[in-house]
Amino acid sequence: MTAQDNKLGDTDDKIFVGKGDEQAWLTLALANRHGLVTGATGTGKTVTLQVMAEGFARAGVPVFAADIKGDLSGISEVGEAKDFIVKRATEMGLTFQPDQFSTVFWDVFGEQGHPVRATVTEMGPLLLARMLDLNDVQEGVLNVAFRVADDNGLTLIDMKDLRALLDAIVPDSGKKGPDAGEDPLAPIRKAAQGFGNVTKATVGTIQRQLLVLENQGGTKFFGEPALTLKDFMKTDRDGRGMVNILVADKLMQSPRLYATFLLWMLSELFEELPEAGDLPKPKLVFFFDEAHLLFNDAPKALMDKIEQVVRLIRSKGIGVYFVTQNPIDVPDRVLGQMGNRVQHALRAFTPRDQKAVAAAAQTFRPNPKLDTAKVIMELGKGEALVSFLEGNGTPAMVERVLIRPPSARIGPITPEERKAIMDASPVKGKYDTAIDSESAYEILQKRIAGTAAPADGQAGTSGGGVLGQIGSIVGTIFGTNTGRNRLTTGQRIARDVTRTVTDKVVGGVVADLGKSVGGQLGGSVGRALVRGALGGLLRR
């Protein structure tokens, strides 16, 4: 071990995690083969997570981690040479050197970090249905709504956009016959019914579930400016990876929102990043705390997609590390992708607990020197059973080790320290102010009010912003945005003749303007939208 290794514990290609009879090294080139950190409450999982995050950051690898209890925030401040920390370092042959790491705080509610937002369109119907806890029939109607929005250039940015769209696809139960006025949303309703039976009762149920989500704070999550995930993948001036911490203490009060939000982030990384192959170190490491929430009651279709994303995202240079209490919290087909394992103590007070311990022991490559199941119950705080992938990509034999002490502070920071970090943040001002762009709600309101050209199933005349303004002007000139009952016979004939001209003129002008409609998602209007493995919008 060189002097530098003795000081920090890490080398250029490995992270020193702990020491027992053998040293436990996490190889950076194999870190994107994913990992698992498990153990009962209070056994040291958060400290292990911090040790690994520090090692990745030193190596120039950006880190994203959810902070459930606030303890992980200490990574942003200089560590203290407390007696128990110095003693642990000395026992392991290390020289404790206090350190701190460049940190960016994020918060869905915008209270203790920069706001994190996504648009409804980007989220997609599959994950939104999971967030709303919809059944198969309700999820089907939600898919119809998204398809109609995609086909008609109706950008869904926030909750009011989705509510307006759901109202628009409900069958019209109003007055019929020659005396009835023209329904400005008839093309949209017809398009929705073309995909299947959309009933008022089902739409009403979805609307009520949206209210539940709003009461949980979901309104703050959906909007613009939407998160650019590349802001996670940055290094600081010293070449160290930035540590991105999601403040999740309040978010955890809505477990389904928490799990779906992190899954969306993971799927976005999967869809956006190009293939990278085997790299010397990951592009980003993603720590998913309380990972069992991701799999609780997940339908088979979603489980298949999660498995696909976890399996394939390795080739994008992303390492995913699940943190939970027991390996059996993670389904076998996903668990099989977790090559790097850290197991803290488990307690076995009941027959069910004993079975869980036995199952956890069986996930490791056996070591003839250890009774793995017995040791799991004997581990003290800060001890763990560790098995990392070796140079040929196979798991090493399980070893009992002491986890090295973190270099940064252990425990939460003060509100004043957090404010100072946010004031110096590299993304300060980028996400802090919400933007309400013209989108589906405004477009549909204009259409109902007769100030926008009706949609004939073509995205070219159904957009907002520049598109809506041009369509409105041209429609007013030729009478194409006026109800049938308010037209003279001559005007009605003129409208039939000129509607096609209107569509072509508006479509041509917008093409020349680059289709800059509907805020950040404007480029998607006027073309077919493509959705990825988990239903999120592909930004191509």
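Two strands pair if DSSP finds at least two bridges between them. Strands (E, at least two residues) and helices (H or I, at least four residues) are DSSP runs, numbered from the N terminus.

This is a predicted model: local features need pLDDT of at least 70, side-chain atom pairs count only at pLDDT 80 or more, and totals for chains, interfaces and linings use all residues. Residues are numbered from 1 along each chain as its sequence is written, and side-chain values use heavy atoms, with hydrogens and water left out.

| Strand pair | Direction | Bridges | Example of bridge partners |
|---|---|---|---|
| Strand 4 (residues 63-67) and strand 7 (residues 243-247) | parallel | five | Asp-67 and Val-247 |
| Strand 10 (residues 340-343) and strand 11 | antiparallel | three | Val-342 and Val-386 |
| Strand 11 and strand 12 (residues 399-403) | antiparallel | four | Val-386 and Glu-399 |

**Strand 11**

Strand 11 covers residues 383-387.

**Ile-318**

Ile-318 belongs to strand 9 (residues 318-324). Its relative accessibility is 0%, so Ile-318 counts as buried. Beyond neighbours within four places in sequence, Ile-318 has contacts (heavy atoms within 4.5 Å) that include Asn-32, His-34, Met-233 and Leu-273. Leu-269 is 49 residues away in sequence, yet 8.2 Å away in space, C-alpha to C-alpha.

**A helix pair**

Helix 5 (residues 125-132) packs on helix 11 (residues 255-272) at an angle of about 165 degrees, with axes 9 Å apart. That makes the two helices roughly antiparallel (an angle over 145 degrees). Helix 5 contributes Leu-127, Arg-130 and Met-131 to the contact. Helix 11 contributes Arg-256, Leu-257, Thr-260, Phe-261, Leu-263, Trp-264 and Ser-267. By class, the contact has six nonpolar residues (Ala, Val, Leu, Ile, Met, Phe, Trp, Tyr, Cys and Pro), two charged (Asp, Glu, Lys and Arg) and two polar (the others, Gly among them).

Conventions. Buried < 20%, exposed > 50% of the residue type's maximum accessible area, 1.4 Å probe, protein only. Axes fitted to C-alpha atoms, helices over the stretch in contact; angles between N-to-C directions. Parallel < 35°, antiparallel > 145°, perpendicular 65-115°, else oblique.
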